Structures are given as structure tokens and as C-alpha cells.
Amino acid sequence: MSEREPLLRVEGVTVVYSVGGRRNVHAVSGVSFALFRGETLGLVGESGCGKSTLARAIMQLPRPTAGRVILDGEDITVLGSRSLRALRSRFQMIFQDPIASLNPIRRVGESIEASLRTKGGKSAAERVRRAREMMTTVGLDPEQHYRRRPFQLSGGQCQRVSIARALMTEPQLLICDEPVSSLDVSVQAHIINLLRKVKSDYGLSMLFIAHDLAVVKNISDRVAVMYLGRLCELAPCADIFSSPAHPYTRALINAVPRPGPCQPLAGTGMLSGELPSPMDPPSGCRFRTRCPRAETRCVMVQPELRQIAPGHLVACHFPLREVAGPDEDHRPLMDRPDN
Amino acid sequence: MTVSDTHLLTVENLSVTIPSSAGAVRAVDRVSLALERGRTLALVGESGSGKSMFCRAVMGLLPRSAVVPGAARVTFDGRDLGGLPRRELAAIRGREIGVVLQDPLSSLNPVIPVGRQIAEPMRYHLGLSSARARERAVELLAAVGIPQPEERLGAYPHQLSGGMRQRVAIAMALACEPKLLIADEPTTALDVTVQAEILNLLGRLQRERNMAMVLVTHDLGVVAGRAHETAVMYAGRIVEKAPTVELFTRMRMHYTRALFDAIPRIDDPPHRELGAIGGQPPGPAAQRVGCPFAPRCWRAEERCRTEEPPLARDAGENHSYACWFPLSQEERP
Ligand SMILES: Nc1ncnc2c1ncn2[C@@H]1O[C@H](COP(=O)(O)OP(=O)(O)OP(=O)(O)O)[C@@H](O)[C@H]1O
Ligand SMILES: Nc1ncnc2c1ncn2[C@@H]1O[C@H](COP(=O)(O)OP(=O)(O)O)[C@@H](O)[C@H]1O
Ligand code: SF4
Ligand code: SF4
Ligand SMILES: [Mg+2]
Ligand SMILES: [Mg+2]
């Protein structure tokens, strides 16, 4: 297998939840992307846009309604539950609420140790030794913390426990779903630095989900932006922040507060209106109800993800930048208002 | 100068201690500050630094077990809140001080339509007729940016998104035209897009209504441009306080600098190592000797561990800080 063969390939993944009657929630619709080895891909979007649903679909918890998830060359959506369980140790997940995601009555050291049990092949003493080692790696003191229960630790410490637990099985892929969103800024800084370090030490690939763009920019190599179940833009980190092509991406970037004495206030000239319901997503481009550039074509035709610069993909009929250069009128003639 | 003429709220030497199995927790420690009408004060600090307890003390909503040592004095609009009977205090709280909390669900009643929740306090405190209160509720919902407000009157909180709920909570807090709005982490539970909108909304309403505001946050990034003055709290104490621009340009406290460095910036290049503060904030029963930040401060010397630095004002400046070895010109961000 070639080096550039991605570790993870997500192809047309769709998740539809049925909510009684004939009503369906289109939580994720036809999402495709690749995650390369050793890479951190950031995934951003507003609350409810489907980030967690996508993450769970990749984990096969539950399996997606449609589409394929190819891990290391193998389509895991067609695997039986037994083969899937055998694979589990290779992709691990960390959740937003650190305390709730741990077993409340188990000592945290045991939770970490137990994640090796399913993998098998190691004696109990060996597992405990590895668990204690791993606690040190993530900045916990095994003497002090091994025997504590989750409620006896702070949110940041619980998140370290989750990370230790996930790393025990030596996964290739780590999916972090808003791992720092419930932590305050000083604890957040520790956890981000820790994730960056273990990623390079263990040669992991990481899918990092967050709604805070500054956090995502800090940790990612590439960034994917999601809106109402669809990807709107995917590009190298430096690129997407310096020259976003999708109007939604630009709005998100403008909303970020910038600390400093004379910074302009965030959120001026921002998105108006609310996120439409995923039960009844708008036709054509899903962003059109809030997009300042929307035109008839956006109502009629769903924009597909296409490449406008090397590695820079965007799903928009009238992106803010085009292959040809700066922000001019690149609309096809038929779409111009005077036609 | 008589203080009460310009100051809406003055807090002098306020401490709050809470008994616990591990000893008394000093949640708020000798806090003094003053807030003028129509101005915004930001209160910034890590979780557990005492921000919410401070707000609860001002609102008279402390937990039952809490003890406020006698030296404290809270004056609101010329009245000493400590000396008022309970009923009068409750009336001030409902009418003159509005509150917005982090989790809008906790300030909204899940089984009552939002329209009634906004109208109710206006009928009770302002004696409005139900028709008039309803009319005002519609106006308020429109003012906080809720589209088709009439149709939303009958909605229950769970039928609204997080951002909408927070708008409803703000409408409720504004219903009786309070003189002071206390917003305790009003956007921490919300998305970035919604966060900016809600903060801008609060700022606009505050200017239009000449309300004073206490804005509580753990993110130093959100106070820039939004608060006239910023106070940084650590272990229950105010450790630095200055007009916001002054604070950012002439920062003196090591802890403030550490909070500042911990924020990921969107203008930074990717993969910048974040300035994480080593160690933990002092635990509940920690001893109070010396500077509470000393165990985590790179600059700490012997004096910091034995002698507590007072919150002192810079000569001729409206800037106070509690530090023996403040940041020099070169050490500022
Ligand atoms: N089990 C479920 N049944 C029905 N609808 C669901 C279910 N889980 C999620 N949804 C809906 O799917 C959409 C996407 O949800 P998801 O939790 O993935 O969003 P998210 O981006 O992770 O948001 P947040 O930041 O709030 O966690 C939402 O509209 C949500 O209400
Ligand atoms: N109900 C309570 N009983 C006992 N201690 C409390 C209670 N609420 C808060 N504390 C303690 O008071 C201190 C300050 O808490 P708080 O004011 O809630 O801080 P913040 O809002 O900055 O997170 C903390 O040490 C906290 O553990
Ligand atoms: S396709 Fe149209 S509506 Fe969608 S983002 Fe582009 S311009 Fe806006
Ligand atoms: S007094 Fe000493 S320990 Fe405290 S902040 Fe200043 S230098 Fe650091
Ligand atoms: Mg989520
Ligand atoms: Mg609080």
C-alpha cells in the first residue's frame, strides 16, 4: 500500500434519523473526505450541524444509513460485529463531557487498564503497569489518581483519563468530539498541548471536532467546515483561514473574538437568522437561507464539492475566491442579475 | 464626591465563606469594587475562582450555609442591601437587578410557555395588566432578535435552540427595566457564531437602556471592546483591575498574562504551543499565606510565599494589582 493511501476514507456517508411518522432528520448527507496518516483534520460547524453524528457514523456507533467508511483499506461498514469488535482497538474516541463519559463507579485507573482487556494478550499485572505509565504520559500522578473515581477529579483531569484510556490500545485513529468545549481556557490549553504531543509521539491520525475555530486552527493540518449535514469547504489550515472560499466559512471566521485592546468586535455583519431545521433542509444549497450571495441557482442546484486550488475544496456556486484569482464576478452569464 | 451619586453598585470588603468537610472554603475574599450607571465591568478568572459566588452575594442568593463576615457592605442605588428586610431585597432583585446565567435552561421554567414567563414578572413587579404585559413581552422578544415574536409566545423552552433560549432569558432579565444586569457566563454554553451575536446584543441593549452590567467570563478574549473595566479574579480575590484597554496594554499581574497566553488565537499560525499555566488553582482548604498564585508563578520569590501582596493602585492610575514583582514593560504581551 502506498504512503499516500489515506488511513481513513469516508465516502458519501449519510445518516438519517427517523423521528416518528414519516418525519426524518437529515443529520449527515453525503459526506466524503480522506484523512491521511499522521494528519490532524479539524471539523467545525455550528451546534446541531451533524459533527457528532458523523463521528459516530465513522465509529459505526451506529452504522451510517448509507455510504462507506474505509479504514486502512478495509470497508468497515460491511464487517460483521465480531470482526468490527476486533478492529475497535485501532480507532478510539474521546467525548465532550469528560466526567459523564467515564464509568462513574469505577476507579479511573481501572477504566484505563480495562481498555486493554478487550484487546487481550496481556497479563493483569502488565496491564496495570501500562495503565500507570500511561497516566504519567498524560500528566496524571498514578499514586494520587489511580484509585479516584471520576467525580473526585476535575473536568480537565477526567479528560486526561479519557485520553489515557484511548491511547492504551495503541490506536491508529483518534476521534476527538469537542474534547475541550466544556473546559475553561487554562485547562483547555493543557489538553490541546497534550493532544498535539501524543499525536506526534504515537504517530496518530486525528479527527478533531470543535466549534471554536481558534482551537481548530491551533491543532489542525487541514480543516473541514460543515453546515447542516454537508461539507462546505475543506482545505489546508493556513489556506482556509487566510482565504476562505465559502461564505459560511468567512462568517464563522468573522465571529471569532480576538483578544487585545483595539481589536474590532467579532460578529459585526454576521450571519443573520437561525440554522434551518435538518428535518426540512432548504433545497439546493443548504446555506442559501442565510447567505448574502445567494441567487436563483443556489435554490435550484445543490453545489458539489469541487477543487478551486490545490487541496482546496469548496461547495459553492459563487465562492469568495476562484481558481482564476481575486473576488470578481465569476458567475456564469445566465446567473447575472441583468440577464 | 458622594459615592452614591455616580456609583450604582459599590461593594466593600465582601468575603463569602462556605463550610465544607475539608474546612471553610473562602469562595470570595475581601472584594471591593464600584460600578457606575450604564457601565460594564467584566469579571474574569478560571473556574472555581469565585466569580459566580460574587454575583450570588450581590444578588442576595447565596447558598444557605454561606457566611458573609460582618465587614462587608454592598450598596445598590444608594441603599445598603445588607440592612434591608428580605421582602424589600426580593423586590430589588426581581425588579432592579436582572440576571442571565450560563445555562438558559436553569433560568427558564420548562413547563411554562416563554411568553408567560416574560410577562409574569411585569405583572407582579410593575403591576401591568395581562394584555399590556403580553404586548411588552412581544416587544422584548423582538428587541432580543427573535423573529415572529407573537408566534413564539406560546413556545416552551425545549422547542427553542440554545441561542434562542438565551435570548428569551435575556428578554426575561430585561422585562422590568433593571438598572443592573448580571450576566454570568452568558455565552459559555453556546456556539461561537451565537456567542458573538448574544454578546453584541447585550452590549447594544445595555447602551440603549443605560444599564450597568457585570459580565462574567473565563475567557479574557471576550472582554476586549465589551467592558469598560475588567477585574481578574484568582482564588476569590481580585488580583488585577483596570480599564479594559489599560489592562491589555499595561498588564501587571503574572496571572493575567497567563490567562492571556492560554487563549488560542485565530490570527496565530497553526500548531503554536499554547501557554498553559502549570499546577492547579488552590484547593478549598488551602492555607492563605503569601500570594495565592505563588505555587504556579514563574516569578515567585521567597517574599511571595510568606507575605500576601495587597491590591494596590499604580501611582496616578486607575489600575490596581496584587503582586510584589509585577510584569515589566518587556514582559507584557
Ligand atoms: N438520536 C437522534 N434522533 C433524532 N435526531 C437526532 C439524534 N441525534 C442527533 N439528532 C439530530 O441530528 C442533528 C445533528 O446532531 P449532532 O449531535 O451530530 O450535532 P453536533 O454538531 O454534534 O451538535 P453539538 O455541537 O450540539 O453537539 C441535530 O439536528 C440533532 O437534533
Ligand atoms: N454550594 C456550594 N457549596 C460549597 N462550596 C461551593 C458551592 N458553590 C461553590 N463552591 C465553591 O466556591 C468556590 C467558588 O465557586 P464559584 O463562585 O462557583 O466559582 P466560578 O463561578 O468562578 O466557577 C469554589 O471553590 C467552589 O468549589
Ligand atoms: S451556493 Fe449560493 S447560497 Fe450556497 S454558499 Fe454559495 S453563494 Fe451562498
Ligand atoms: S506576588 Fe509573587 S507569586 Fe504572586 S503573582 Fe506576583 S510575582 Fe507571582
Ligand atoms: Mg456534538
Ligand atoms: Mg460560574
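## Rings and what lies beyond

A: Let's start in chain A, where Tyr227(A), Tyr248(A) and Phe287(A) are joined into a cluster by ring pairs. Rings of Phe, Tyr and Trp (its six-membered ring) pair if their centres lie within 6.5 Å; planes under 30 degrees apart count as stacked, over 60 as edge-to-face and the rest as tilted. Bear in mind that this is a predicted model, where local features need pLDDT of at least 70 and side-chain atom pairs pLDDT 80 or more, while totals for chains, interfaces and linings use all residues; side-chain values use heavy atoms, with hydrogens and water left out. Residues are numbered from 1 along each chain as its sequence is written, and chains are lettered from A and ligands numbered from 1 in the order in which they are written.

Over all chains, the rule gives 7 aromatic pairs. One of them joins Tyr255(B) and Phe293(B), edge-to-face, with 5.1 Å centre to centre and 65 degrees between the planes. Tyr255(B) lies in helix 11 (residues 254-261) of chain B and Phe293(B) in the loop between helix 11 and helix 12 (302-306) of chain B, so this pair ties together parts 38 residues apart in sequence. Helices here (H or I, at least four residues) and strands (E, at least two) are DSSP runs, numbered from the N terminus. How exposed are the two partners? Tyr255(B) is buried, at 0% relative accessibility, and Phe293(B) is buried too, at 4%. Buried means under 20% relative accessible area, exposed over 50%, and partly exposed in between (1.4 Å probe, protein chains only).

Rings also meet charges. Arg265(B) lies over the face of Phe260(B), 4.4 Å from the ring centre, and in chain A the charged end of Arg132(A) sits over the ring of Tyr146(A), 5.8 Å from its centre. That takes NZ of Lys or CZ of Arg within 6 Å of the ring centre and within 35 degrees of the ring normal.

Back in chain B, follow strand 9 (residues 229-234), where 6 of its 6 residues are buried. On one side you'll find Glu229(B), Ala231(B) and Met233(B), on the other Thr230(B), Val232(B) and Tyr234(B). Strand 9 of chain B pairs in the parallel sense with strand 3 (residues 40-44) of chain B over 4 bridges, and there Thr230(B) is the bridge partner of Ala42(B). With strand 10 (residues 237-243) of chain B, the pairing is antiparallel over 6 bridges, and Glu229(B) stands opposite Pro243(B). Two strands pair if DSSP finds at least two bridges between them. Strands 9 and 10 of chain B form a hairpin with 2 residues between them, and Ala235(B) in the turn has a positive phi of about 50 degrees.

Another positive phi, near 50 degrees, belongs to Glu178(A). Glu178(A) sits in the loop between strand 7 (173-177) and helix 7 (185-202) of chain A and is buried at 7% relative accessibility. An N or O atom in the side chain of Glu178(A) is 3.4 Å from an oxygen atom of ligand 1. The side chain of Lys51(A) also has an N or O atom 2.9 Å from an oxygen atom of ligand 1.

Key: A polar contact is a pair of N or O atoms within 3.5 Å; within protein, one must be able to donate a hydrogen and the other to accept it, and residues adjacent in sequence count only if both atoms are side-chain atoms.
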